[in-house]
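Biologist: Hi! Could you walk me through this one?
Modeller: Happy to, let's look at it together.

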Amino acid sequence: MILKKDILSCSLSELYSEMESIGEKNFRGKQIYEWLHTKRVHEFVNMSNISSSLRTKLNDNYCINSIKIVRKLESSIDNTVKYLYELSDGNHIESVLMDYKHGNSLCISTQVGCKMGCSFCASTIAGFKRHLFPSEMLLQVYEAERDSGRHIDSLVLMGIGEPLDNFDNVVKFLQILSFETGKNLSLRHVSLSTCGLVDKIYDLAEYRFGLTLSVSLHAVSDAKRSKIMPVNKKYTIGELLKACRYYIKKTGRRISFEYAVIHGVNDSADDADALVKLLKGMNCHVNLIPVNQIKERDYRSDKNSLYSFLGALEKGGLNATVRRTLGADIDAACGQLRREYEI
Ligand code: SAH
């Protein structure tokens, strides 16, 4: 079997080399790149300024990856739309399109499933299947724009998967996404959320992407964090915060710490005080998330404790907010739709 190359995952410079490798002038690479990423024409046959002999060559050597919307849930409360996509190998992933004051934001998946094992997260329960290719991350954006007719202004890598566990593909995706030919999205409008893969935070800092790094903290002591986030057994909170400080220094960007507030687990007054001590003086923001209930766990959030927690952080001088809930009627939290579908 001849494996065809995934042309939608190629950067422009890779396409130049690809064209040379099949005996073509490299400017053809630019034409094809524009078809794929600016005009979003995803069939070689419709690329009208490409000769039919080159189209045949392209067909013989490359494939244009595709994803299909198999389910779509639209909120009747706000403009949130949740997409369930089927990949070309039959796997499923999710994206959520949200309407914020500053524009439309899309939350995308970076892996099929997740191996990180966080106890409160629906995405990890059925385990990990595979990494997504850059083309499959781009297609979540292109398909959501095509289907909704809405322009996506910002992006969050907070759907299914751990983006830093798929480091090379995510970096390539960000480079294609922000390239002037194509979506041309400033990476200042991108947030990447990680459970805290410390070595990759150092690697990411070197790219100075300008994106916002969100770090899922969720607990203030190693004993507590290790219980709900197995990644903490590999990298302690101390090591994680050291990497975060390095990231802030290197990129000049503040970090956003995610804290899912779980009643009776991490929402006591002592937890709040410890969080203030941990983050005081750091250029950061704390995003409190009322834990989203998933049917496999009995975690829940308590409104009074949540707001007392917020008050304690503010009193301690931290910059903190409670995340607004969008798409509450369609279970817009990641991982839940895919799970229903796969069982
Ligand atoms: N793997 C990455 C990104 C995916 S999860 C990470 O861990 O950051 C995106 C965010 O949603 C993370 O902060 C994650 O901890 C949080 N999350 C997962 N399940 C949740 C739930 N049931 N309630 C609230 N937040 C949840």
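**Rings and ligand**

Modeller: This is a predicted model. To start with the rings, Phe167, Tyr207 and Phe209 form one aromatic cluster.

Biologist: How many aromatic pairs does a search of the whole structure find?

Modeller: Six aromatic pairs turn up when the whole structure is searched. In one of these, Tyr207 and Phe209, the ring centres are 5.2 Å apart and the planes are at 20 degrees; under 30 degrees counts as stacked, so this pair is stacked.

Biologist: Nice. Is Phe209 buried or exposed?

Modeller: Phe209 is buried, because its relative accessible area of 15% is under 20%. Tyr207 is partly exposed, at 37% relative accessibility.

Biologist: Which lysines lie over the face of a ring?

Modeller: Lys39 lies over the face of Trp35, 3.9 Å from the ring centre.

Biologist: Switching to the ligand, which residues come nearest?

Modeller: There are 16 residues around the ligand, and Phe120, Ser193, Ser216, His218 and Asn292 come nearest. The shell divides into seven nonpolar, seven polar and two charged residues. Strands S10 (190-194) and S12 (255-261) each supply at least two of the shell residues.

Biologist: And what does the side chain of Ser193 do there?

Modeller: An N or O atom in the Ser193 side chain is 2.6 Å from an oxygen atom of the ligand. A polar backbone atom of Thr194 lies 3.4 Å from a ligand oxygen atom, and a backbone N or O atom of Gly161 is 3.0 Å from a ligand nitrogen atom.

Biologist: How much of the ligand does the protein bury?

Modeller: The protein buries 92% of the 530 Å² that the ligand exposes when taken alone.

Key:
Residues are numbered from 1 along each chain as its sequence is written. This is a predicted model: local features need pLDDT of at least 70, side-chain atom pairs count only at pLDDT 80 or more; totals for chains, interfaces and linings use all residues. Side-chain values use heavy atoms; hydrogens and water are left out. A residue is near a molecule or strand if one of its heavy atoms lies within 4 Å of it. A polar contact is a pair of N or O atoms within 3.5 Å; within protein, one must be able to donate a hydrogen and the other to accept it, and residues adjacent in sequence count only if both atoms are side-chain atoms. Accessible areas come from the Shrake-Rupley method with a 1.4 Å probe; for residues, only the protein chains shown count as cover. Helices (H or I, at least four residues) and strands (E, at least two) are DSSP runs, numbered from the N terminus. Ala, Val, Leu, Ile, Met, Phe, Trp, Tyr, Cys and Pro count as nonpolar, Asp, Glu, Lys and Arg as charged, and the others, Gly among them, as polar. Rings of Phe, Tyr and Trp (its six-membered ring) pair if their centres lie within 6.5 Å; planes under 30 degrees apart count as stacked, over 60 as edge-to-face and the rest as tilted. Buried means under 20% relative accessible area, exposed over 50%, partly exposed in between (1.4 Å probe, protein chains only). A charge sits over a ring if NZ of Lys or CZ of Arg is within 6 Å of the ring centre and within 35 degrees of the ring normal.
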